[in-house]
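User: Hi! I've got a model open and would like to talk through a few spots in it. Could you help me out?

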Amino acid sequence: FNVPKSGNYHLLLGVCDPSVHNAHISGQMVAMSSYGHLPGSISGMLPFMKIMAVLFSVLLFVWIYRCCSFRKELMSVHLLIFVMLIALIADCVGQVWSLSLFNKNGAYNYSVTVLSLVVSSFTRALARCIALALVLG
């Protein structure tokens with residue numbers, strides 16, 4: 001059944017034969033929007049994470065250029081920021097990959113999702129360590 005427009009739809013099943021007792025009905029219903037399998041609450045994450053990956057990549061190239069321009073004044077914190085930008089790009093790419101596979105197939109790919117979660121956790125931990133290092137001096 002092709003859904004002509006978005007909205008609420010109700011599935012109703014009726015059995016009119018009074019002689020039927022203890023009937024067991026099984027089946028599956030898959031709902032997919034015209035944008036794919038992603039639910040509406042996270043459908044905006046896919047284009048957002050793509051844009052963030054591009055923006056972090058541009059920022060990384062600007063950072064590399066600035067670091068090369070001032071290579072005599074570099075400190076270790078500049079290297080940490082460089083690693084942080086790479087981790088942020090990897091995090092965005094991992095999330096885009098995971099969300100794209102879910103949007104295409106309707107189910108999460110276990111290995112890609114675990115890899116995305118590990119990279120995301122590493123990125124958050126690295127960000128906290130850098131913030132702590134900067135605060136402590």
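User: Leaving aside neighbours within four places in sequence, which residues is S120 in contact with?
Analyst: With those neighbours left aside, S120 is in contact with D91 and Q95, where contact means heavy atoms within 4.5 Å. One note on the source: this is a predicted model, where local features need pLDDT of at least 70 and side-chain atom pairs count only at pLDDT 80 or more, while totals for chains, interfaces and linings use all residues. Residues are numbered from 1 along each chain as its sequence is written, and side-chain values use heavy atoms, with hydrogens and water left out.

User: Thanks! Is S120 buried or exposed?
Analyst: S120 is buried, at 9% relative accessible area. Buried means under 20%, exposed over 50%, and partly exposed in between, using a 1.4 Å probe and protein chains only. S120 sits in helix α3; helices are DSSP runs of H or I with at least four residues, numbered from the N terminus.

User: And T123, where does that one lie?
Analyst: T123 lies in helix α3 too, which covers residues 110-136. T123 counts as buried because its relative accessibility is 3%.

User: What does T123 touch, not counting residues up to four places away?
Analyst: T123 touches M84, A87, L88 and D91.

User: Which backbone oxygen does the side chain of T123 reach at 2.8 Å?
Analyst: That is the backbone oxygen of V119. A polar atom of the T123 side chain also lies 3.2 Å from the backbone oxygen of A87.

User: Switching topic: how many aromatic pairs does the structure hold?
Analyst: The structure holds 1. F102 and Y108 form this pair, with 4.3 Å centre to centre and 25° between the planes, and it is stacked. Rings of Phe, Tyr and Trp (its six-membered ring) pair if their centres lie within 6.5 Å; planes under 30 degrees apart count as stacked, over 60 as edge-to-face and the rest as tilted.

User: How accessible are the two partners?
Analyst: F102 is buried at 11% relative accessible area, whereas Y108 is partly exposed at 46%.

User: Now the segment before α1. Is G27 buried or exposed there?
Analyst: G27, which has its place in that segment, is exposed, with a relative accessible area of 73%. The C-alpha atoms of G27 and L99 are separated by 26 Å, and the two residues are 72 apart along the chain.

User: What about I25?
Analyst: I25 lies in the segment before α1 (45-69). I25 counts as exposed because its relative accessibility is 53%.

Key:
Helix = DSSP H or I, 4+ residues; strand = E, 2+ residues; numbered from the N terminus. Polar contact = N/O pair within 3.5 Å; in protein donor to acceptor, adjacent residues only side chain to side chain.
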